[in-house]
Amino acid sequence: MNDWLDPLLLSRWQFGLTTIYHFLFVPLTIGLALTVALFQTAWVRTGHAKYLQITKFFGKIFLINFAMGVVTGIVQEFQFGMNWSDYSRFVGDVFGAPLALEGLLAFFLEATFIGLWIFGWDRLPKKLHLATIWVTALASILSAYFIIAANSFMQNPVGYQINEAKGRAELTDIWALLTNKVALAAFPHTIFACFMVSAALIVCAAAWHLSRNQHFDTMRPALKFGLWMMVIAGTLTFLSGDQLGLAMVETQPMKMAAAEALYNTSTGANASFSIFTLGTPDGVSELFSIRIPYLLSFLSTHTFDGTVEGINDLQAQYTQLYGPGDYTPTIWVTYWAFRYMIAFGVLAVMTAVGGLWFTRKGRMPRKRWIWKVAIWSMPLPLAAMIVGWVFTEMGRQPWIVFSLLKTRDAVSPNTTGLEVLISLIAFTLVYGTLAVVEFRLIKKAIQKGPEEAPTPDAESGEIKHEATVY
Amino acid sequence: MDLPTLWFGLLAFFFIGYFVLDGFDFGVGMSIPFLGRDARGPNDTDRRVLINTIGPIWDLNETWVIVAGAAMFAAFPEWYATLFSGFYLIFLVILLALILRGVSFEYRHQRPEIAWKRRFDRMIVVGSAVPAFLWGLVFANVVRGVSLDAGFNYTGTVFDLFSPYAVLGGLTTLLLFFTHGVVFVSLKTEGPIRERARQLASRSGLLTILVAAVFLVWTTVSFGSVWSGILSGVAAVTLIAGWLANQRKAEGWSFTFLAATIAFAVLSLFVSLVPDVMPATNDPANSLTIANASSSGYTLTLMSWVALVFVPLILAYQAFTYWVFRKRVSRASITGAPEPSAPDVAGPKVSA
């Protein structure tokens, strides 16, 4: 078989591609649902028309984005069976449960109540209609919890036993699965990062209008909201990321070693964190680097004299435990993904802090570059999120379920390379085309700006909303 | 009843939910070229009427397939793994169709140009027809059985899945969903489009009866049991009743009977499988059964409790949604103007 027709390699590329793509839309769904819910609450409580305008403005962007999140999500679920049937056989008993729980507890809620929200403006009482967006927002967050819990089982398997006769893992404790220490840290980390992504979009949209001196009364509050959301969510992302780091060192020390490309076990000042390294591509020898002593020790153990295990020791340890083999992830990927994640995240928050300073006490900056930075910093948290997931998943390799099943043993044995190549090309073409359409539609919706507030009916004082949407 | 059998039944329930609900919105999607036009050709207002009949609900309907898939993954991992990896290209095409259809609903109304709308109309039609056909093909193949090796991996090719019986199964679901969708349009609209839908359902209903009857008889004779035969019979009777109700302009009854047809037909397929979930045609020893494909007792017990608590809740809030959007959709509700008395005064008329 030709190398490029290797079903394993192609399936990995396909899963990476489709998952990253799906996750372009998920954070916006999660973050914008909450944003829309908050502004609609402000409108219901204060009656100020500007809050309704903001609600509908971001509501429209939310909806353009939502459909993509749904349909690309179905791909995710089907793919486990299609491309990773041996994985499905091995973990279905454990992994299927949180997926089914997600569907029954969260996804049905989200899909039903979003329909009520979109089409229910005129059919539901004001407060009930407000409740529908809150249910949608909370269900999308709950949904994320189950997915993170499922993923966390792959990082740190808990609550299971191996059934030798059936050759599979079986669930023994759902509570242990749902309170996996990795899930407890990864969930807030992911959700706050989702809020950062939507905050960046809000800032971008508001800055675009404000830099053109238009829609001041709606976009100024939106800008301030977005900037604060970014700073708060960003801070919480760092704090929860720190907790996730501790859980990672405890459960997957190899991943932390790979994040730092730390080959030899180091203690204290030697457990330094490099900001930048030049070396041979395999990362084994180093030409030049900028290092902060003690930082890796602190990140890994919260002490300055902690010991961080190196790749070589862990490799030897794992060979003893799991038999001969290479247990090292692709170091240059994990090393740089980890740094880019932090760098993009820090830049996004610093930009927002700068934005709060420039707009303090009603000020509006006049310099063009300030607005340009606000608009173009939009992709930063999204990029941080993508490389963060690349790090999480690539750092687990060669395992698909850490310590239990290797990725190469998980792929569908009967699916041919040609089939996967066909699907990979099909997904790439369709997803690529839709990305262009999606980007243009969101851009157009942003540039069109908020619509004029609907005027209340003269007699009843009721506001007439558009009855149909499609 | 043991737990795996209970979950086999629950899985049938989730797939029935999916086919009854998403089935008719596939049908509405497919009906666009037939009903979204009047004497002068394609009519955008009518197309918007059609799409708005399912606007608030298509998403929740489609969610049933996600839940059915996840339930299969959790309760019958072996079945899920065999089916989805074995029918790889079929599921790929289903996925692509669902993607294009889903985004088309959202994208279609984003720009006013007719060419833009037509493009997404076509995608809705294809994206509805393709899964409507392929889901029938998939389940017919499951009932018929496929060649499996000792590790339960499918050993055939994608071409083996297009046997005459499987293609007939696909045509059956295609026509059933189409007619069900058209009846739904007559139930949910008013004005000329409602009457056009009733007439179309009358014609497509006859074809559906013909094709479905052959498929159900074939299933019963070749793969069925007494019980599945009885269920097939009930499906056939409700199908005819649905057609008759449509002839008498009892749209609600027609819709209900056709929903029952889909439910009983799917149930009949599931019952004909027992005790297998996916029979192996080459060697019965390789067949996936309810017993050997299912999850552990712990997982199934847990899932049973979750289903017991949440399924009634889900049905309640989904029924509430249908109730909220019970009003008929008309041209007037799209354009905001009162329905004109003339057949169509929207276009320019030179002589006037």
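This is a predicted model: local features need pLDDT of at least 70, side-chain atom pairs count only at pLDDT 80 or more; totals for chains, interfaces and linings use all residues.
1. Overall make-up of chain B. Chain B contains 14 helices and four strands. Its radius of gyration is 21 Å, close to the 20 Å that the globule rule gives for 352 residues, so chain B is as compact as a globular protein of that length. The C-alpha trace of chain B spans about 75 × 35 × 35 Å along its principal axes.

2. Of the 352 residues of chain B, 57% count as buried. Take the contacts in chain B between residues at least 6 apart in sequence: 77% of these join residues at least 24 apart.

3. An unreviewed UniProt entry lists several stretches of chain B under "transmembrane region", among them residues 163-188 and 252-274. In the model, residues 163-188 of chain B are 96% helix and 0% strand, with the end C-alpha atoms 37 Å apart. Residues 252-274 of chain B are likewise 96% helix and 0% strand, and here the end C-alpha atoms lie 34 Å apart.

4. The contact between the chains. Chain A puts 59 residues into the contact and chain B puts in 61 residues. On the side of chain A that touches chain B, at least two residues each come from α2 (49-83), α3 (85-119), β2 (168-171) and α14 (417-448) of chain A. Of the elements on this side, α3(A) gives the most, with 23 residues. Sorted by class, the side of chain A that touches chain B has 36 nonpolar, 16 polar and seven charged residues.

5. Helix α10 of chain A. This helix covers residues 311-322 of chain A, which is twelve residues. From first C-alpha to last, α10(A) reaches 16 Å, close to the 16 Å expected at 1.5 Å a residue. Just after α10(A), Gly323(A) has a positive phi of about 90 degrees.

6. Which residues of α10(A) are buried? They include Ile311(A), Leu314(A) and Tyr318(A). These residues cover an arc of only 60 degrees around the axis, which puts them on the same side of α10(A). An α-helix has 3.6 residues a turn, so residues three or four places apart point the same way. The buried residues of α10(A) pack against α8 (253-260) of chain A. On the face turned away from the buried side, α10(A) carries the exposed residues Ala316(A) and Gln320(A).

How values were computed: Residues are numbered from 1 along each chain as its sequence is written. Chains are lettered from A and ligands numbered from 1 in the order in which they are written. The radius of gyration is taken over C-alpha atoms; the globule rule is 2.2 Å times the number of residues to the power 0.38. A residue is buried if 20 or more other C-beta atoms lie within 10 Å of its own, exposed if 12 or fewer, and partly exposed in between; C-beta atoms are placed from the backbone. Two residues are in contact if their C-beta atoms, placed from the backbone, lie within 7 Å. UniProt positions are given in the numbering used here, feature names are shortened, and annotations may be inferred rather than shown by experiment. Ala, Val, Leu, Ile, Met, Phe, Trp, Tyr, Cys and Pro count as nonpolar, Asp, Glu, Lys and Arg as charged, and the others, Gly among them, as polar. The expected span of a helix is 1.5 Å times one less than its number of residues. The arc is that of the directions from the helix axis to the C-beta atoms.
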